Amino acid sequence: MPDIPQILTRICRRAGLGYCPTRPLAANLEHTTRCNLNCKTCARHYWGGQFRDMTPEVAEKVRRQILPLVAHATLSGYGEPLLGPHFFALFDEAVRLGKSVSFITNGVLLDNATLKRVFRPGVDVHLSVFCAACERRDA
């Protein structure tokens, strides 16, 4: 994985900025694009891409090299984050490192055990209102 400070410096120079951070403040970590719902309002209908998970190798690099650098990690994107096989490894590591964490979920997979695990100080769980009338499907 490339050196993050070097990448940031290159971007800042190209943009002509006088100040460049030495590390990113936040990372949006889209670790899965799979979903257990089929919502008509979802951008995934217009995307045309394949639905898949971050590879274990990339997830491990993110856990070791990206999470220590950032103050905040967002663990969602176009898929349902709780379906991702690396969600809890990334989540637990970010919490262990004292990072703030957020993710957007459709709420279907929020059982009691998951609620107890994710509802804690420094974690923002956002429930999507788009999925209220969506049909379920196998992910």
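Which residues does Ser-102 touch, not counting residues up to four places away in sequence? They are His-72, Ala-73, Thr-74, Leu-75, Asp-124 and His-126. This is a predicted model. The chain has 139 residues, and 35% of them count as buried. It holds five helices and six strands.

**Overall layout**

- Read along the sequence, the elements follow the pattern α-β-β-α-α-β-α-β-α-β-β.
- Along the principal axes, the C-alpha atoms fill a box of roughly 50 × 35 × 25 Å.
- Take the contacts between residues at least 6 apart in sequence: 67% of these join residues at least 24 apart.
- Ile-7 and Asp-111 are 104 residues apart along the chain, and their C-alpha atoms are separated by 40 Å.
- Ile-7 lies in helix α1. It counts as partly exposed because its relative accessibility is 27%, which falls between the 20% and 50% cut-offs.

**Strands β3, β4 and β5**

- Strand β3 covers residues 72-74.
- Strand β4 covers residues 100-105, and strand β5 covers residues 123-127.
- β3 and β4 pair in the parallel sense, over three bridges.
- Ala-73 has Val-101 as its bridge partner in β4.
- β4 and β5 also pair in the parallel sense, here over five bridges.
- Val-101 has a bridge partner in β5 too, namely Val-123.
- Thr-105 stands opposite Leu-127 in β5.

**Helices that link the strands**

- β3, α4 and β4 make a right-handed β-α-β unit.
- Helix α4 spans residues 87-96.
- β4, α5 and β5 make a right-handed β-α-β unit as well.
- Helix α5 spans residues 112-118.
- Strand β4 takes part in both units: with β3 and α4 in one, with α5 and β5 in the other.

**Ser-102**

- Ser-102 is found in strand β4.
- Is Ser-102 buried or exposed? It is buried, because its relative accessibility is 9%, and the cut-off for buried is under 20%.
- Its side chain makes a polar contact with the side chain of Thr-74, at 3.3 Å.
- Thr-74 is also one of the residues that Ser-102 touches, as are Asp-124 and His-126.

**His-72**

- His-72 has its place in strand β3.
- Its side chain joins that of Ser-100 in a polar contact of 2.6 Å.
- A polar contact of 3.2 Å joins the side chains of His-72 and Thr-74.
- Thr-74 therefore has polar side-chain contacts, as defined by N or O atoms within 3.5 Å, with His-72 and with Ser-102.
- Leaving aside neighbours within four places in sequence, His-72 is in contact with Leu-25, Ala-26, Ala-27, Ser-100, Val-101 and Ser-102.
- His-72 and Leu-127 are 55 residues apart along the chain, with C-alpha atoms separated by 19 Å.

**The nonpolar core**

- The largest nonpolar core has 22 residues.
- Which of them touch the most other members? They are Leu-29, Ile-66, Leu-75, Phe-87, Phe-91 and Phe-103.
- Helices α1 (4-15), α3 (56-66) and α4, together with strand β4, each supply at least two residues of this core.
- The largest share comes from α4, with four residues.

**Cysteines**

- The structure holds zero disulfides.
- Why is Cys-35 in no disulfide? The nearest cysteine sulfur, that of Cys-39, is 6.1 Å away, and a disulfide needs the two sulfur atoms within 2.5 Å.
- Cys-35 is buried, because its relative accessible area is 11%, and buried means under 20%.

Conventions:
Residues numbered from 1 in each chain as written. Predicted model: local features only at pLDDT ≥ 70, side-chain atom pairs only at ≥ 80, totals over all residues. Heavy atoms only, no water. Buried < 20%, exposed > 50% of the residue type's maximum accessible area, 1.4 Å probe, protein only. Pairing = 2+ DSSP bridges. Right-handed = clockwise from strand over helix to strand, strands pointing away. Polar contact = N/O pair within 3.5 Å; in protein donor to acceptor, adjacent residues only side chain to side chain. Contact = heavy atoms within 4.5 Å. Core = buried A, V, L, I, M, F, W, Y, C linked by side-chain atoms within 4.5 Å.
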